[in-house]
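Me: I would like to learn how to read the contact between two chains. Please take me through it one feature at a time.

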Protein chains: 2
Amino acid sequence: MKNSHVTQDTDPLLYDGHKRYHPGLSVDCVIFGFHDNQLKVLLLKMSHTDQRWALPGGFVLKDEDVESAAHHVLQSRTGLDNIFLRQFYLFGEVERSDRELNRKMLQGRGVDPHEDHWLLQRFITIGYYALVDFTKALPRPDELSDACDWWDFHNLPPLMMDHARILQKALEALRQQLNREPIGYNLLPEKFTMPELQKLYETILGKTLDRRNFQRKMLAYGILERLNERRSGGAHKAPYLYRFDLASYHKALEEGFSGGW
Amino acid sequence: MKNSHVTQDTDPLLYDGHKRYHPGLSVDCVIFGFHDNQLKVLLLKMSHTDQRWALPGGFVLKDEDVESAAHHVLQSRTGLDNIFLRQFYLFGEVERSDRELNRKMLQGRGVDPHEDHWLLQRFITIGYYALVDFTKALPRPDELSDACDWWDFHNLPPLMMDHARILQKALEALRQQLNREPIGYNLLPEKFTMPELQKLYETILGKTLDRRNFQRKMLAYGILERLNERRSGGAHKAPYLYRFDLASYHKALEEGFSGGW
DNA sequence: CCAAAAGTGTTGCTAATACACCCATGT
DNA sequence: ACATGGGTGTATTAGCAACACTTTTGG
């Protein structure tokens with residue numbers, strides 16, 4: 001693992017990032033998880049920004065693929081490798097850069113930047129969304145932030161710059177790809193119940209679905225394997241546990257699932 | 001209209017592009033048209049590149065939105081304004097840049113670049129696809145190319161760098177958005193026949209569709225207006241002309257059209 | 001024993017598919 | 001007149017939505 005990212009050994013990079021990074025380009029990751037029947041995203045509380053939160057992000061080394069930089073961000077914020085990751089949009093408006101905010105953050109770290117400091121230039125950012133197993137991620141703040149926490153997607157704190165818009169776009173992408181990508185598989189733990197899977201779909205789609213029709217349709221895809229276990233401990237009838245059948249899942253994804261929700 | 005783009009007044013820019021453009025970033029446009037029942041793309045024959053063709057592209061001014069740069073490319077290659085344009089993918093691999101090719105192109109124009117010339121750096125490129133009315137576009141080469149022509153998407157010439165991959169990705173995006181974006185409306189002339197519309201769909205989807213079911217489904221959307229004209233001159237029965245009913249079209253698009261093809 | 005959640009089943013409708021038939025036109 | 005493509009119609013089927021009943025569990 002390289003240790004030349006801004007997330008480690010930061011301060012020298014605040015000065016000479018222009019030598020290492022592809023100029024004017026950042027990567028922001030919307031890291032989705034699912035827990036307590038809520039769609040979650042991982043956010044960082046940025047230091048010296050008036051309690052604003054931000055998406056985990058980073059820069060792209062000059063000799064590094066952009067996607068690889070996104071994987072680095074993922075790895076350093078969650079400790080996870082081999083994460084499901086999809087590019088979804090490039091945010092390229094001029095006015096999305098916030099020179100004053102960056103100046104404040106630099107000054108907060110004791111750096112008084114000259115006017116053409118690399119971090120005060122205009123930046124475009126490429127958005128990636130990631131799907132992780134909430135139970136396996138170990139959130140860690142980076143050197144520019146005080147905290148790293150999961151937030152309910154539908155109840156977010158104040159965000160930096162255009163990060164609220166980036167999150168919105170990420171959800172739209174997720175919705176559109178619900179039938180093309182293994183979204184359930186990547187967001188849920190290995191074993192899960194049908195109601196859990198349904199809640200996940202409902203949360204992403206923003207609407208409720210009929211319990212019985214949902215189950216029938218899901219099972220009809222032939223990608224789920226019902227286990228001889230139930231989730232007990234709930235207040236009511238114990239639901240069965242399911243597991244994705246990987247072979248048929250990937251085969252089905254090649255075609256995309258039929259029908260919409 | 002700005003005249004500071006590489007497509008005009010080029011040679012000075014070959015030297016001092018680094019002062020004007022966002023560094024290491026280009027924009028490439030896949031400009032789709034439809035003619036003679038073929039899906040067409042507009043390509044440039046690049047000078048000094050061994051007869052290779054390329055997507056129309058350009059750079060992004062330091063104070064210009066990325067999307068606006070894409071519109072400039074469109075305008076300068078086709079003469080058209082207010083074009084339907086959608087971002088579809090950022091190509092960010094390190095090895096997509098071809099330093100030697102760029103060196104050749106510069107030398108072909110009489111420039112012998114030093115090693116850190118701005119055009120020899122690594123570039124990432126953001127792909128946009130555009131939908132234009134073939135009959136209204138006026139293809140014009142830029143200063144780096146000898147020709148600008150429409151090509152059948154399914155019968156392309158040798159392409160530069162990773163442009164074949166970019167085209168492939170553009171088609172995939174087009175397919176996925178066929179039911180979400182006004183693709184027929186932007187690719188066809190104002191009046192068109194049902195068989196023409198069907199061929200367009202078939203070409204994009206890469207499969208044939210049943211003539212009668214296609215017509216029924218299309219009409220069921222309620223977005224087409226049948227005119228009291230027919231297209232005569234064909235060798236057989238003259239088909240009706242249709243026109244999109246804009247009001248209902250845009251309303252329908254908000255929901256996306258039901259069902260797939 | 002009851003409320004609440006989960007498992008299972010049925011019905012009716014809509015929409016996609018797979019066809020057949022007639023009409024118009026240029027050769 | 002006929003081959004070809006275009007306009008219109010119909011039967012069948014598959015998938016989806018709406019809804020009812022039974023079972024299990026903790027309190």
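Me: How much area do chain B and chain A bury between them?

Reply: The size of an interface is often given as the accessible area lost when the parts come together. In this predicted model, chain B and chain A bury about 1800 Å² between them, 52% of it on carbon and sulfur atoms. Buried area here is the accessible area (1.4 Å probe) that two parts lose on being put together, summed over both.

Me: How many residues does the contact take from chain B and from chain A?

Reply: Contact means heavy atoms within 4.5 Å. Chain B gives 23 residues and chain A gives 23 residues.

Me: How many salt bridges and how many residue pairs in polar contact are counted between chain B and chain A?

Reply: A salt bridge needs a side-chain nitrogen of Lys or Arg within 4 Å of a carboxyl oxygen of Asp or Glu; the count is 0. A polar contact is a pair of N or O atoms within 3.5 Å, where within protein one must be able to donate a hydrogen and the other to accept it, and residues adjacent in sequence count only if both atoms are side-chain atoms. There are 14 residue pairs in polar contact between chain B and chain A, both residues at pLDDT 80 or more.

Me: What conventions apply?

Reply: Residues are numbered from 1 along each chain as its sequence is written, and chains are lettered from A and ligands numbered from 1 in the order in which they are written. Local features need pLDDT of at least 70, side-chain atom pairs count only at pLDDT 80 or more, and totals for chains, interfaces and linings use all residues, while side-chain values use heavy atoms, with hydrogens and water left out.
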